Amino acid sequence: MSVLTRDEAQTRAQLLDVQHYSVDLDLTTGDETFESTSLIRFTARTAGDTFVELKPETLHSALLDDEPLDVTTLDGNRLPLRLSEGEHVLRISTTMRYSRTGEGMHRFADPSDGASYVYTQLFMEDVQRVFAAFDQPDLKAVFETAVTAPEGWTVLANGITEQHSDGIWRSAATPPLSTYFVCVAAGPWHSVRTEHAGLPFGIHCRRSLAPHLDADADEILAVTKACYDRFHEKFDEPYPFDSYDQAFVPEFNAGAMENPGLVTFRDEFVFRSAVTVTERQTRAMVIAHEMAHMWFGDLVTLRWWDDIWLNESFAEYMGYQTVNEACSDLFPDTWVDFGVTRKAWGYEADQRPSTHPVAPDPEAVPDTASALLNFDGISYAKGASALRQLVTWLGEKDFLAGINIHFKRHKFGNATLADFIDNLAAATDRDVHAWADQWLRTTGVDTLTPALTGEGLHWKLTVDRDGSRPHRVAAGLYDRDPSGELVLRERRELDVPQTEPAELTGPRPALVVLNDQDLTYAKLRFDQPSLEAALRGLSRIPDALTRAVIWNALRDMVRDGDLRPADYLEVALAHLTEETELALVQGVLGFARTQIADRYVTEEERPAALSTIRQIARALLRRTEDGEAPGLRLTAVRALIDSATTPDQIASWLDEGTVHGGPELDPELRWRILARLAVLGATDEPTIAAELERDPSATGQEGAARCRAALPTAEAKAAAWSALFDTDDLSNYLFTATAQGFWQPEQAELVRDYVPRFYPAAIALGARRGAAMAEAAGRYAFPSYAIDRESLALGERHLTDEMIPALRRKLVDQLDDLTRALTAHTA
């Protein structure tokens, strides 16, 4: 299969003006394949040769202006076309294959009730798996779809759908869309429908999840309506589509996809077990993120994939900011969660060998395969952080004025980074072009460190910058009161680099926190007195966002080898037990459990690390005995389960169906306990099978796969390995669950012989099953706990340009993480 190059896309865009697609899909022909017909109306500006893309199981016919084309000329995914100047009609009929990897037209049979569902995910090149198309983002067209579906199914699409007398579901014509935005979702959906601002709104899920969607429908719709209204306060252009549906679909690879009028979400967001308010906030943020795309991404679309950050950074920033503004009654401070989770993702991605600018040079994205590599913490979290800094620098009024100019000039069309910057510049006197060069065209993370000089009541604050970007930051100056609390004296705004030191009056602050309120993107270090004050008084700092900034700094210090992992755990033990912000507890415990305990401490130190995490969790349990903080208690219970080194306590919880003092065990907690018992060798196949009979859902199937792969026997490991790499029977989610169970720190010796087998197996799998499965193999099936020089050298030897790019990128990242873990072992 050929990947589309930037040069080819530019040549084809100069040749073609594509007006309209009629797409007919027949989903009644079996479980393996479906029938697809594309009717494309377009104009050739001059005579010339080009091609249309498709990846069929069988190409039945192709007619250009009613003249048959030779179907044997299909070369991989390209059917050549020789065009005369003028208008043309292309009709292509195919049989297409359903996917089990979350790409193209994914088909899923629900084990709970046997019902089947299909949905499309057409990002990048996957439209070609569903219908023939001129597949590039700047060839927008109007789309109409007609779907023949089994009796009892409902069909959703980008426009309002209706079932006609012939039994076919037809969608309303869309405004001009890029090919990757076309969406169809069909099956016996459970739907909750309403109307808002004169438009039909709907939320949809599998029938087996109906009670759980109904339980949360009011919250989901309230968030949706509040964000919709807030965006209309911010944006001059009204919502550009005829309806707003949100479908929660099974085995979805991403968090969600911004298909115009029909957003698809992974259906884990329909919570079937207890979750924390932070997890509900994440769902709200994703709802807002995808809605922001209706304007930035859908109404105005990138011209080529080097500008993917324009879509994702904007939606990421707007998602957090809009939930913070519109849903503050439910979620009072989303930026704390951004700071401790998403921003850490950006910092880590930006310090790896695979880093790239937020806005990469066009030559760095020569084709679609390279473009796929940029969906990472840089395009999302770093880009959103850069935009937050831009808003701080410009002011929100001028920022939104520039955005609205952008929408007005390019609606229903395509735009570039240059267009975006020009439009922002039109709304301000500041040099936005220089800002973009410094922030968007460079890589890496600046480091900011405060330095105080002076004596008595007169001090000067200088900010040392290791890096090149300008920053507008707030320096938080904190004093210690008689009770030991750290109290904010003042928050001083500074521009870095400074023209002169900041003059401070009063005694030397006990603590100086640069980037207080987390308004810029930079790593922080402390002068020695401030570091000592932070380590002693972290839980006594009143502002949660300031505490998030400090926790992030400590995390960076561990990753850089500047703070011993054991010392980080001691800080967590001293302060996390008093923490009131749930997002911080979850973020810090998550890093402590999955990175420090599993990777950054040595095998000899690991029992002590797990013991410290259990101490923190038990202290949190004691704090929540009154039932006032169920999310905090749930977080503590999860940490106790995951950190158990003996089976007795968690096995008794499973037997009794409850944690003493609550909560009662729901399916998620039961599978979590059983997975840990499997790791510890304290359960067996009959017990796993009995639990699966109790919970035969899709999530139960994944839980059973994870548990079976985690059993500490040679037979279990051999069976799991064979399922992962010897056949292609596992769906994307079952592959992930099996891989998650396979590698365990406690079982390093048992699976040591599989470490060298991973690389050839993963390379072969990527070549067979494509980018999504290659990325899953690199992320979840990588031998993360083989932390030694031999494993590092083995991985480096296998890094070649011959492997699929998605896998190579993931392995580069994994080997960088392995290098950091090795460094931490000697800290």
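**Figure 1. Gln-517 sits in the loop between strand S27 (511–513) and strand S28 (523–524).** Like every view here, this close-up comes from a predicted model. The backbone of Gln-517 deserves a look: its phi is near 75 degrees, a positive value in a residue other than glycine. With a relative accessible area of 22%, Gln-517 counts as partly exposed.

**Figure 2. Ala-197 also has a positive phi, near 55 degrees, in a residue other than glycine.** You will find Ala-197 in the loop that runs between strand S15 (190–196) and strand S16 (199–205). Its relative accessible area is 55%, so Ala-197 is exposed.

**Figure 3. Ala-474 belongs to strand S24, which spans residues 471–480.** Is Ala-474 buried or exposed? Its relative accessibility is 5%, and because buried means under 20%, Ala-474 counts as buried. Setting aside neighbours within four places in sequence, Ala-474 is in contact with Arg-491, Arg-492 and Glu-493, and also with Val-513, Leu-514, Asn-515 and Asp-516. For a sense of how the chain folds back here, try Leu-519: in sequence Ala-474 and Leu-519 are 45 residues apart, while their C-alpha atoms are 7.7 Å apart in space.

**Figure 4. A cis peptide bond joins Val-496 to Pro-497.** The omega of this bond is near 5 degrees. Pro-497 lies in the loop between strand S25 (486–496) and strand S26 (502–505).

**Figure 5. The peptide bond from Gly-662 to Pro-663 is cis.** Here, too, omega is near 5 degrees.

**Figure 6. Helices H12 (residues 544–559) and H13 (residues 565–575) pack with their axes 9 Å apart.** The angle between H12 and H13 is about 160 degrees, which means that the two helices are roughly antiparallel. H12 passes H13 in a left-handed crossing. On the H12 side, the contact is made by Trp-551, Leu-554, Arg-555 and Val-558. Their partners on H13 are Pro-565, Tyr-568, Val-571, Ala-572 and His-575. Sorted by class, the residues of this contact are seven nonpolar, one polar and one charged.

**Figure 7. Helix H23 (residues 755–769) packs against helix H25 (residues 789–798) with an axis separation of 10 Å.** Which way do H23 and H25 run relative to each other? The helices meet at an angle of about 20 degrees, so H23 and H25 are roughly parallel. The crossing of H23 past H25 is right-handed. From H23, the residues involved are Val-755, Pro-756, Tyr-759, Pro-760 and Ile-763, and these meet Ser-791, Leu-794, Gly-795 and His-798 in H25. This contact has six nonpolar and three polar residues, with no charged ones.

**Figure 8. Leu-818 is part of helix H26 (residues 805–825).** With a relative accessible area of 2%, Leu-818 is buried. Which residues does Leu-818 touch, not counting those up to four places away in sequence? They are Arg-599, Ala-786, Ile-787, Asp-788, Ser-791 and Leu-792. One of these, Ser-791, is also part of the contact between H23 and H25. If you include Val-336 in the view, its C-alpha is 28 Å from that of Leu-818, and the two are 482 residues apart in sequence.

**Figure 9. The largest nonpolar core takes in 249 residues.** As background, nonpolar side chains in soluble globular proteins tend to be buried together. Helix H14 (residues 582–600) supplies the largest share, eleven residues. Zooming in on Phe-399, and not counting residues up to four places away in sequence, you can pick out its contacts with Phe-314, Tyr-317, Met-318, Leu-387, Leu-390, Val-391, Leu-394 and Leu-424. Another core, of 28 residues, lies apart from the largest one, and Leu-4, Phe-108, Phe-123 and Tyr-180 are among its members.

Note on methods. Residues numbered from 1 in each chain as written. Predicted model: local features only at pLDDT ≥ 70, side-chain atom pairs only at ≥ 80, totals over all residues. Heavy atoms only, no water. Axes fitted to C-alpha atoms, helices over the stretch in contact; angles between N-to-C directions. Helix = DSSP H or I, 4+ residues; strand = E, 2+ residues; numbered from the N terminus. Parallel < 35°, antiparallel > 145°, perpendicular 65-115°, else oblique. Left-handed = near helix turned anticlockwise from the far one by under 90°. Contact = heavy atoms within 4.5 Å. Nonpolar A, V, L, I, M, F, W, Y, C, P; charged D, E, K, R; others polar. Core = buried A, V, L, I, M, F, W, Y, C linked by side-chain atoms within 4.5 Å. Buried < 20%, exposed > 50% of the residue type's maximum accessible area, 1.4 Å probe, protein only.
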